[in-house]
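Here is a walk through a two-chain model, written for someone who has it open on screen.

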Amino acid sequence: MELIRHNLPALIVVTPLVMGLLTSIIGRRGLGWWMAMATTAAGLAMSVQLLVDVLSQGDRTVEYLMGNWPVPFGIGYSVDPLNATVLLIVSLLSAVITLYARKSVASEVPAGKLNFFYALWLFCITGLLGITITGDAFNLYVLLEISSLSTYTLVALGKERNRRALTAAVNYVVLGSIGACFYLVGVAYLYMATGSLNIADIAERLQPIYASWGTEAPIYQKTVITGFAFMAVGLSLKLALFPLHGWLPNAYTYAPSSVSALLASTATKVGAYAFIRVVFTLMGVGFAFGRLHTDVALMLCSGAAILVGSWLAIRQNNVKKLLAYSSIAQIGYIALGFALANKDGITASVIHLFNHALTKGGMFLALGVVMYRVGGTRLQDLRGLGRKLPLTMGAFTAGGLGLIGVPLTSGFISKWYLVSACLEQGRYELAGIVLVGSVLALVYVWRVVETIYFGKREDEVTVREAPASMLVPTLILVGASIYFGVDSSFTTHLAGEAADFLLKVKP
Amino acid sequence: MQIVLDYYNYWACILIMMIGFYGIMAKSNLVKKVISLAIFQTGILVFYISTGKIDGGTGPVRVADGAAEAVYSNPLPHALMLTAIVVGVSTMAVALAIIVNIRQAYGTIDEIDIETMEHERGE
């Protein structure tokens, strides 16, 4: 046990990787899901244990050296309250969605490909967990590509339902690779300036470089600024921040239901985490926000994301696409939170990572039930389902209330912190944008809810409530999002720890 | 002029990357798009490797005697780029596999043709 506990940070990434390889070579049909389920359940247990370990440490960090090579020569994994929280989000959501996936995926993916589907599923989770836990800038790139490559394939597997999944996937391949390449170029510039790849080590070596700026002989000024610019743009593509969100709507819409849920609730969250890590730990807030005023650009982008994302969501007729555009707006809230760079802002950002993952995950799962029972997710497919699928549609509605930010849902907690962070900085216009975004959310959620409960179906087909294996995970996620709206002490405590940790390292 | 000649390796990287980037933007044929992506990635490989070069540096092999005086080029970027090459090949493989599927589903690999087909179906 002691051995496992000591090696937790490595095991959390290696277990899904090895299990994914095994899943891809086993011949028995039906075994794939069991392996994925066992692995994600173990991952959840490990990340809970890791979070407990981190919070019990005095300095709130757990360091792990790969093969005992000291950093910066070897790859070091370092866990702090921020990435322990994101690890918990990823492993919790992946476990619950895997529980759901069995029937949904079997109905959308050909039987012969199921084992490969779950292998890719595990690789995707490997990459996401790895990005979150790694303390090495180049390692982050490799894991980013592991998760992206498996995601492209998972999206393309939606082709059995709609061939547009293929064009969505190829579009995502091109844009995703450009994003990853930009990040890689950014790492090259920082390596030229500092000669290191370890995130904490680069941050340390950047200090004398920053100190030389403004003096007679500034060193590496252009190099570091160019490197940061490349990294920021590359990661913004990955997290689908507003003007760079082009790949997201189609990829979410045409992917298999479970894949949409997994991507919406984890992939963009991990992208946001990587951005926060680069700004706060790697470059330092004093450089990125203080000297370069990236925060102003981020606020502009996230404000535009909230307004344009919500506005486009209102105009969609496919409910899956509506949720995808709503995700773009929600990413805006997350980015706005950390752009404000005060304690409430970062707390809001981290809480919203958690709450939005639960809410949007639950809503995509509810839509997956509609896909499974009715066969489509256009607005007319949902007409009058309120009476036929009471629990699923109830869950969808509760999730929708969370998106709006109605009190007693978790969305309210995030927005409360976000608005108070805006007011604390004297940014009244941003607080206004958050409120306008909520009103727009009310419009698009109402459009769907109205159709669900008051729409009339011409074809009186018999639609039965979802099977228990799909219903339970949906209710777990939506129930959790309501629970954390009523009693937010757990999420605010975690997010507060993360915010404290990030702001303490401020130079 | 001096800045061009002094840093000719970086200008070469910029040129290669921009050729690739132009192709990604401008070509509607998906295979050409993916090839452009590969060219773009190659530019990055050259960029990394040229950062590790030191004038007069030799390969990082320890020669017996006189090892202390020898100047080595930095081998780390080469090691990193081995990984990046693997990633690039995998990206190509995934992209081309998806394009094969697109060809089977649509009968064309031209982005504009596909958009018009989907538009006519009213999606």
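Predicted model: local features only at pLDDT ≥ 70, side-chain atom pairs only at ≥ 80, totals over all residues.

His293(A) counts as partly exposed, because its relative accessibility is 48%. His293(A) sits in the loop between helix 12 (285-291) and helix 13 (294-314) of chain A. Its phi is near 55°, a positive value in a residue other than glycine.

Ala341(A) also has a positive phi, about 55°, although it is not a glycine. You'll find Ala341(A) in the loop between helix 14 (319-340) and helix 15 (343-373) of chain A. At 16% relative accessibility, Ala341(A) counts as buried, because the cut-off for that label is under 20%.

There is a backbone feature of another kind at Pro72(A): a cis peptide bond joins Val71(A) to Pro72(A), with omega at about 0°. Pro72(A) belongs to the loop between strand 1 (62-65) and strand 2 of chain A.

**Salt bridges**

How many salt bridges does a search of the whole structure find over all chains? The count is ten. Here are some of them, with the N to O distance for each.

| Residue with N | Residue with O | N to O distance |
|---|---|---|
| Arg5(A) | Asp53(A) | 2.7 Å |
| Arg277(A) | Asp80(A) | 2.7 Å |
| Arg427(A) | Glu429(A) | 3.6 Å |
| Arg163(A) | Glu118(B) | 3.4 Å |

Take the salt bridge of Arg5(A) with Asp53(A), where the closest N and O atoms are 2.7 Å apart. Arg5(A) is in helix 1 (residues 2-6) of chain A and Asp53(A) in helix 3 (residues 31-56) of chain A, so the pair ties together parts 48 residues apart in sequence.

Now for Arg277(A) and Asp80(A), which form a salt bridge with their closest N and O atoms 2.7 Å apart. This pair links distant parts of the chain, with Arg277(A) in helix 11 (residues 257-283) of chain A and Asp80(A) in the loop between strand 2 (76-79) and helix 4 (81-108) of chain A, 197 residues apart. Are these two buried or exposed? Both Arg277(A) and Asp80(A) are buried.

With Glu429(A) and Arg427(A), the side chains meet in a salt bridge at 3.6 Å, N to O. Glu429(A) is partly exposed, with a relative accessible area of 46%, and Arg427(A) is partly exposed too, at 29%.

**Where the chains meet**

The contact takes 31 residues from chain A and 37 residues from chain B. The area buried between the two chains is about 3,000 Å², and carbon and sulfur atoms give 77% of that. Which three residues supply more of the area that chain B buries against chain A than any other three? They are Phe47(B), Tyr48(B) and Ile98(B), which supply 17% of it.

Two salt bridges cross the interface of chain B and chain A. One joins the side chains of Arg163(A) and Glu118(B) at 3.4 Å, N to O. On the chain B side, the elements giving two or more residues are helix 2 (8-26), helix 3 (30-51), helix 4 (76-106) and helix 5 (111-120) of chain B. Helix 4 of chain B provides the largest share, 17 residues. Sorted by class, the side of chain B that touches chain A has 25 nonpolar, seven polar and five charged residues.

Leaving aside neighbours within four places in sequence, Ser177(A) is in contact with Tyr152(A) and Tyr172(A), and with Leu37(B), Gln41(B) and Thr91(B) from chain B.

For the other serine, go to helix 20 (residues 468-486) of chain A, which holds Ser481(A). Ser481(A) counts as buried at 2% relative accessibility. Not counting residues up to four places away in sequence, Ser481(A) touches Leu358(A), Thr359(A), Thr409(A) and Ser410(A).

Note on methods: Residues numbered from 1 in each chain as written. Chains lettered and ligands numbered in written order. Heavy atoms only, no water. Contact = heavy atoms within 4.5 Å. Buried area = accessible area lost by both parts, 1.4 Å probe. Salt bridge = Lys/Arg side-chain N within 4 Å of Asp/Glu carboxyl O. Helix = DSSP H or I, 4+ residues; strand = E, 2+ residues; numbered from the N terminus. Nonpolar A, V, L, I, M, F, W, Y, C, P; charged D, E, K, R; others polar. Buried < 20%, exposed > 50% of the residue type's maximum accessible area, 1.4 Å probe, protein only.
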